[in-house]
Amino acid sequence: MENLMQQIRDSKVLIVDDEQEAVDLMSTFLEQNGVVVFKAYNGESGLELVQKEKPDIVILDLQMPKMNGFEVSKAIKSKNETRLIPIIMLTGNSDFDARISGLESGVDDFMTKPYNFKELLFKVRNLVNLKKYTDELENAESVIFSLAMAVEARDDYTEGHCTRLAYYGELLGRHLNLPEEQVRAIIQGAYLHDIGKIGISDNILLKKGKLTDEEWEIMKKHPEIGENICKPLKSLRFALPVIRHHQERFNGSGYPDKLKGAEIPFNARLIAVVDFFDALSTHRPYRAALPADECIKIMIEETLQGYWDPFLINEFFKVLKQIKETQITLKDEDYIDFCLTNKII
Ligand SMILES: [Fe+2]
């Protein structure tokens, strides 16, 4: 028991229940065991406290007037900053259907009323431990994203590059109606695709002139270095294909694996397309940003030469047309469509 108390000491628990007596009883017991307790007597103020205090666990009553437990749970789990907070739901003995709906709304564990005090402590302990692990993982993930930003900051010309790629990648993913998970993987990949450049020295990465063959060989290692950096983190596993394969070209002329066409993972082909557009439409050390119609012209030319996925190029043109800032007239869009239907590409 002593050990158990040590594990839960100073953890933050929010109790949300409209029955004041029940809340007070539970909070007194938890406080006696070293837990820091926050109390809310309805769903709305519960959500406010979740935002303000970022508790380690929320204990939520199912039956509450106005906003019930399911709605509160859904609201917590739908926000990025609070979705990893574990929730214990208090239900009646025979509420089987309620448990199913609770699981559907994102609840992590249940406790039947009247609950047992020891059971409460063990559940709090287990979920506090779980929360610690996810916090550590989140921290590790944010370190990796900071690294990616540090890579971008080394080169004046790539400032804002990852954010723009994530923006274009997400727009294209949504335009194609890709599943939410895949869109998230594309966004992660957009931020992390060039993280391996951290392993490339400044005199190669920032060289103004042409790279020598030897320097080029070193530069070509950045996708594999990036993959090795992100591999240990399970939560980044869906971004790995983008990191490794974003420099492959549709006709097999890219690196590191010289994959061709559909052999190249879809998300990597997608990021390659938006990456190409971003390179053309922003300032480079060797030339100014190209006007939108000039970008389109080059993209079509290179697609005809076999470098880029024609389907994705074509769909991306449709997306670009909807972004007013790019001011693309896209007279060439019909041309690509024509090439596709006549199997010229
Ligand atoms: Fe790259």
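Q: A nonpolar core is a set of buried Ala, Val, Leu, Ile, Met, Phe, Trp, Tyr and Cys residues joined through C-beta atoms within 7 Å. Which residues of the largest one touch the most other members?
A: This is a predicted model, in which local features need pLDDT of at least 70 and side-chain atom pairs count only at pLDDT 80 or more, while totals for chains, interfaces and linings use all residues. Residues are numbered from 1 along each chain as its sequence is written. In the largest core, of 40 residues, Ile271, Val273, Val274, Phe277 and Phe316 touch the most other members. Helix H13 (266-281) is one of the helices that each supply at least two residues of this core, and H13 gives the most, with nine residues.

Q: Which residues is Val273 in contact with, leaving aside its neighbours within four places in sequence?
A: Trp308, Asp309, Leu312, Ile313 and Phe316 are in contact with Val273 (C-beta atoms, placed from the backbone, within 7 Å).

Q: Why is strand S3 called mostly covered?
A: A residue is buried if 20 or more other C-beta atoms lie within 10 Å of its own, exposed if 12 or fewer, and partly exposed in between, with C-beta atoms placed from the backbone. In S3 (residues 57-61), five of the five residues are buried. Ile57, Ile59 and Asp61 point one way, Val58 and Leu60 the other way.

Q: What makes S3 and strand S4 a pair?
A: Two strands pair if DSSP finds at least two bridges between them. S3 and S4 (residues 87-91) have four bridges, in the parallel sense, and therefore pair. Asp61 has Leu90 in S4 as its bridge partner.

Q: Why is the crossover from S3 to S4 called right-handed?
A: With the strands pointing away from the viewer, the path from the first strand over the helix to the second must run clockwise. The β-α-β crossover from S3 through helix H4 (residues 69-78) to S4 is right-handed, so its path runs clockwise in that view.

Q: Which strands does S1 pair with?
A: S1 (residues 12-16) pairs with S2 (residues 36-40) in the parallel sense over five bridges. S1 also pairs with S3, in the parallel sense over four bridges, where Ile15 stands opposite Ile59.

Q: How does the radius of gyration of the protein chain compare with that of a compact globule?
A: The rule, for C-alpha atoms, is 2.2 Å times the number of residues to the power 0.38. A compact globule of 345 residues would come near 20 Å, but the protein chain has 26 Å. The domain assignment gives domain 1 (2-135) and domain 2 (154-341), with C-alpha centres 44 Å apart.

Key: Domains from an automatic or database assignment. Contact = placed C-beta atoms within 7 Å.
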